[in-house]
Amino acid sequence: MVDKTKFARQFIEALPHSVMLGMEMQEIGDGVATINMPYKDELIGDPVTGVIHGGAVSALMDTCCGAAVMCHPENAGGTATIDLRIDYMRAATPGQTITAVATCYHVTRSVAFVRAVALDEDTERPVATATGAFTMEARK
Amino acid sequence: MSVRKRPEPVQVIKQRRDAALKALAGAVPYIRFLGIEFERRGDELTGILPFRDVLIGNPLLPALHGGATAAFLEVTAVMTLNWSYLWDDLEAGKLDLEGRAPADLPRLPKTVDFTVDYLRTGLPRDAYARARITRAGRRYASVQVEAWQDNKDRLYAQAMGHFVMPAPRD
């Protein structure tokens, strides 16, 4: 179990696109994952305000949800996104790190259902939430 | 009887449209970061995501990162929506975006929600996307996007998003 979590951590940390966006794995295990994405200029979507692009938040959410599925005790292997919906509650405050927390709240033999929330330093007011379905490889 | 205005030479029109598109796409750091480009035929836009290793999510397959695909679709949706929102003023010559600083460009639509369906594995190749505005209201808009790689009939992802439009310009 520990080995699988370790593998999931190393796998996620090595994803080229996640590295490109500067994601940092914080916690992972038992179907829950936390990943940080520090602010950087390349991620800006609105040049007037300096607010991060929604697409970058989507990428963070997708990675975090995938990590939560990979480290779920009933998942035997990798995962792929089936669908992912993001609701953007408010603009992330420019300059602040975004933290995503994903929870794999139900799994079947073939599908994992995941929820995630993205926060900046104002943790009382979420920046975005996500719900998604991911593929599962059930243990034999 | 009013005299119809002589049409502008085609090169003048194309130059103005392409300059506006370049100003809009070039102003967003994240679009440049991902390397997304736009091709234009009349008012129709096609987003292009040229493949690069940094877009990979699963190195074992290898496959495009779902997040890169989601971002590509959202960028294409927002650009298409903004383009259509500005089109009439651009065509009428009321709005000139050529050489404008990013901070002086019109405000962008804001994404309310965005749902991506991953239909097939994203291959390590270029991807293309086109968006269709299914509703363009004064305050809210709905947009569908489709993305494909080698074969237009075999979409690898599709998305639906809702947006809040910027306040009218004076």
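1. B:P62 lies in the loop between strand 3 (56-58) and strand 4 (63-64) of chain B; helices (H or I, at least four residues) and strands (E, at least two) are DSSP runs numbered from the N terminus. The peptide bond joining B:L61 and B:P62 is cis, with omega about -15 degrees. This is a predicted model, in which local features need pLDDT of at least 70 and side-chain atom pairs count only at pLDDT 80 or more, while totals for chains, interfaces and linings use all residues. Residues are numbered from 1 along each chain as its sequence is written, and chains are lettered from A and ligands numbered from 1 in the order in which they are written.

2. A:D30 sits in the loop between strand 1 (24-29) and strand 2 (32-37) of chain A. Its phi is near 55 degrees, a positive value in a residue other than glycine. A:D30 is partly exposed, with 13 other C-beta atoms within 10 Å (20 or more would be buried, 12 or fewer exposed, and partly exposed is in between; C-beta atoms are placed from the backbone).

3. Chain A gives 30 residues to the contact between the chains and chain B gives 31 residues; residues are in contact if their C-beta atoms, placed from the backbone, lie within 7 Å. On the side of chain A that touches chain B, the elements giving two or more residues are helix 2 (16-21), strand 3 (44-46), helix 3 (54-70) and strand 5 (81-88) of chain A. Strand 5 of chain A has the largest share of that side, eight residues. By class, the side of chain A holds 14 nonpolar, nine polar and seven charged residues (Ala, Val, Leu, Ile, Met, Phe, Trp, Tyr, Cys and Pro are nonpolar, Asp, Glu, Lys and Arg charged, and the others, Gly among them, polar).

4. Strand 5 of chain A pairs with strand 5 (residues 110-118) of chain B in the antiparallel sense, over five bridges; pairing requires that DSSP finds at least two bridges between the strands. A:D87 has B:D113 as its bridge partner in strand 5 of chain B.

5. The axes of helix 3 of chain A and helix 3 (residues 66-91) of chain B come within 8 Å and cross at roughly 155 degrees; axes are lines fitted to C-alpha atoms over the stretch in contact, with angles from 0 to 180 degrees between N-to-C directions. The two helices are therefore roughly antiparallel (over 145 degrees). Residues making this contact include A:G54, A:G55 and A:A56 of chain A and B:G66, B:G67 and B:A68 of chain B.

Technical notes
Contact = placed C-beta atoms within 7 Å. Parallel < 35°, antiparallel > 145°, perpendicular 65-115°, else oblique.
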